[in-house]
Amino acid sequence: MRAEFPKDETLHAIADRLLTLAMPVFVARRLKGNSAAPSATISQGSGCRGVHEYTMDVEIDDADDEEDDPRIEEEDFLNIMRDFARWIFEGIEDEYEYQMSDEAVDEAIIANGYTFDEDGERAD
């Protein structure tokens with residue numbers, strides 16, 4: 001992730017929070033010889049209209065945990081996933097704004113060699 005997005009401090013902070021949340025579970029399991037990683041299911045809440053970070057539900061599978069093992073709190077995990085969803089949405093929104101900009105349209109016209117007549121119709 002850091003190699004793909006080396007300058008994205010927001011994404012780095014999200015990943016660090018997730019690692020901090022999950023690390024005690026990984027360590028406790030490894031110390032007991034259990035290599036099973038915790039897993040989670042993220043879904044859209046029932047009865048939700050629209051899709052945004054507040055329509056997310058999460059369920060963490062702690063089936064491999066023993067009674068005294070640390071657990072990942074669903075609410076903490078959900079908040080991190082909501083921040084990640086906002087990060088994704090902002091990236092999509094930024095890309096959309098760029099693709100609709102005059103600059104991007106000009107670049108596409110030039111790159112594709114489009115020409116237009118004086119009425120704005122394609123001339124090629």
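**Strands, rings and a surface patch**

In the structure above, serine 43 stands opposite aspartate 57 in strand S2. Please bear in mind that this is a predicted model. Strand S1, residues 39-44, runs antiparallel to S2, and six bridges join the two.

Let us stay with S2, which covers residues 56-61. In a regular strand the side chains alternate between the two faces of the sheet. Along S2, Met56, Val58 and Ile60 point to one face and are buried.

I turn now to the aromatic rings. How many aromatic pairs does the structure hold? It holds two. In one of them, the ring centres of phenylalanine 5 and tryptophan 87 are 5.4 Å apart and the planes stand at 90°, so this pair is edge-to-face. Phenylalanine 5 belongs to the segment before H1, and tryptophan 87 to helix H2, residues 74-99; the pair therefore ties together parts that are 82 residues apart in sequence. Phenylalanine 84 and tryptophan 87 form a stacked pair, with 5.8 Å from centre to centre and 10° between the planes. These two residues both lie in helix H2, three residues apart, which is about one turn of the helix.

Is tryptophan 87 buried or exposed? Tryptophan 87 counts as buried because its relative accessibility, 18%, falls under the 20% cut-off. Phenylalanine 84, at 31%, counts as partly exposed, and phenylalanine 5 is partly exposed with 35%.

Finally, the surface. Leu19, Met23, Val27 and Leu31 form a nonpolar patch there, with about 390 Å² of accessible area together. Methionine 23 is located in helix H1, residues 9-31, and is partly exposed at 36% relative accessible area.

Definitions and conventions:
Residues numbered from 1 in each chain as written. Predicted model: local features only at pLDDT ≥ 70, side-chain atom pairs only at ≥ 80, totals over all residues. Heavy atoms only, no water. Patch = residues over 30% accessible without salt bridge, like charges linked within 9 Å, V, L, I, M, F, W, Y side chains within 5 Å. Areas by Shrake-Rupley, 256 points an atom, 1.4 Å probe, with all protein chains shown as cover. Salt bridge = Lys/Arg side-chain N within 4 Å of Asp/Glu carboxyl O. Helix = DSSP H or I, 4+ residues; strand = E, 2+ residues; numbered from the N terminus. Buried < 20%, exposed > 50% of the residue type's maximum accessible area, 1.4 Å probe, protein only. Pairing = 2+ DSSP bridges. Phe/Tyr/Trp six-rings, centres within 6.5 Å; stacked < 30°, edge-to-face > 60°.
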